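Here is a short report on one protein chain. Look at the sequence and the structure first, then read on.

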Amino acid sequence: MHDAIRISADINGTAYLLDVEPTAGLLEVLRDQVGLTGAKSCCTEGECGACTVHLDGVPVMSCLVLAPEIDGHAVTTVEGLSGAGLSDLQEEFLNQGAVQCGFCIPGQVMAADALLATNPDPSQQEIRNAMSGNLCRCGGYQRIAAAVRATAARRRSL
Ligand code: FES
Ligand code: FES
């Protein structure tokens, strides 16, 4: 057991002071210490994307990030995307039937949200490339891509 390190971070818009082990992973701190269980623990070695969150707006696999690395930074989890209700992107995941067992969906949504933030009109290939690290064991890739395209179209029509 190492001495805990105190870190400060913005998580979903709230300032946190957290005492973490130097070797603690961000995923376990989010889930077990902060109580945000949207990011899922699956492979824990960067292979599936179920744990995707944003670190300063950039999608990262939280199972590969050490908790001390977020000191002074901003983390957004899937819980931070929805305010009073679901985000437009989350609604389109439902509208397009992209949610099957649901396990991969928080990571898929975070990857898609980051893509749309930098590319408001992604092509099918760009969606595939941006989300290639997010696996869906239910094989819902077509519907997930459709949800991303529908969200992009919806935003462009505003
Ligand atoms: S749990 Fe992090 S990539 Fe699979
Ligand atoms: S919806 Fe089941 S793993 Fe993707």
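Predicted model: local features only at pLDDT ≥ 70, side-chain atom pairs only at ≥ 80, totals over all residues.

Strand S3 (52-55) and strand S4 (58-61) each supply at least two residues of the side of domain 1 that touches domain 2. S3 gives the largest share of that side, 3 residues. By class, the side of domain 1 that touches domain 2 has 7 nonpolar, 8 polar and 2 charged residues.

What about salt bridges across the interface of domain 1 and domain 2? The rule finds 0 there.

Domain 1 puts 17 residues into the contact, and domain 2 puts in 13 residues.

The size of an interface is often given as the accessible area lost when the parts come together. Domain 1 and domain 2 bury about 1100 Å² between them. Carbon and sulfur atoms account for 68% of that area.

Side chains of opposite charge can pair when their charged atoms come close. The structure holds 5 salt bridges.

Take Glu-91 to begin with. Its side chain meets that of Arg-154 in a salt bridge, at 2.4 Å from N to O. Arg-154 sits in helix H5 and Glu-91 in helix H2 (residues 88-95), so this pair links distant parts of the chain, 63 residues apart. Glu-91 is partly exposed, because its relative accessible area of 29% falls between the cut-offs of 20% and 50%. Arg-154 also counts as partly exposed, at 29% relative accessibility.

Now Glu-92. The side chains of Glu-92 and Arg-154 meet in a salt bridge at 2.9 Å, N to O. Glu-92 lies in helix H2 and Arg-154 in helix H5, so the pair ties together parts that are 62 residues apart in sequence. Is Glu-92 buried or exposed? Glu-92 is buried, because its relative accessible area of 8% is under 20%.

## Salt bridge: Asp-121 and Arg-156

Asp-121 pairs with Arg-156 in a salt bridge, with the closest N and O atoms 2.9 Å apart. Asp-121 lies in the loop between helix H3 (105-118) and H4, while Arg-156 lies in helix H5, so the bridge ties together parts 35 residues apart in sequence. Asp-121 is partly exposed, with a relative accessible area of 47%. Arg-156 is partly exposed, with a relative accessible area of 47%.

## Leu-135 in its loop

Where is Leu-135 placed? Leu-135 sits in the loop between helix H4 (124-130) and helix H5 (141-156). Leu-135 has a relative accessible area of 45%, so this residue is partly exposed: the value lies between 20% and 50%.

Which residues does Leu-135 contact, leaving aside its neighbours within four places in sequence? They are Glu-47, Cys-48, Cys-104, Gln-108 and Tyr-141. Cys-48 is 87 residues from Leu-135 along the chain. Even so, the C-alpha atoms of Leu-135 and Cys-48 are separated by 5.1 Å.

Notes. Residues numbered from 1 in each chain as written. Chains lettered and ligands numbered in written order. Heavy atoms only, no water. Helix = DSSP H or I, 4+ residues; strand = E, 2+ residues; numbered from the N terminus. Buried < 20%, exposed > 50% of the residue type's maximum accessible area, 1.4 Å probe, protein only. Contact = heavy atoms within 4.5 Å. Buried area = accessible area lost by both parts, 1.4 Å probe. Salt bridge = Lys/Arg side-chain N within 4 Å of Asp/Glu carboxyl O. Nonpolar A, V, L, I, M, F, W, Y, C, P; charged D, E, K, R; others polar.
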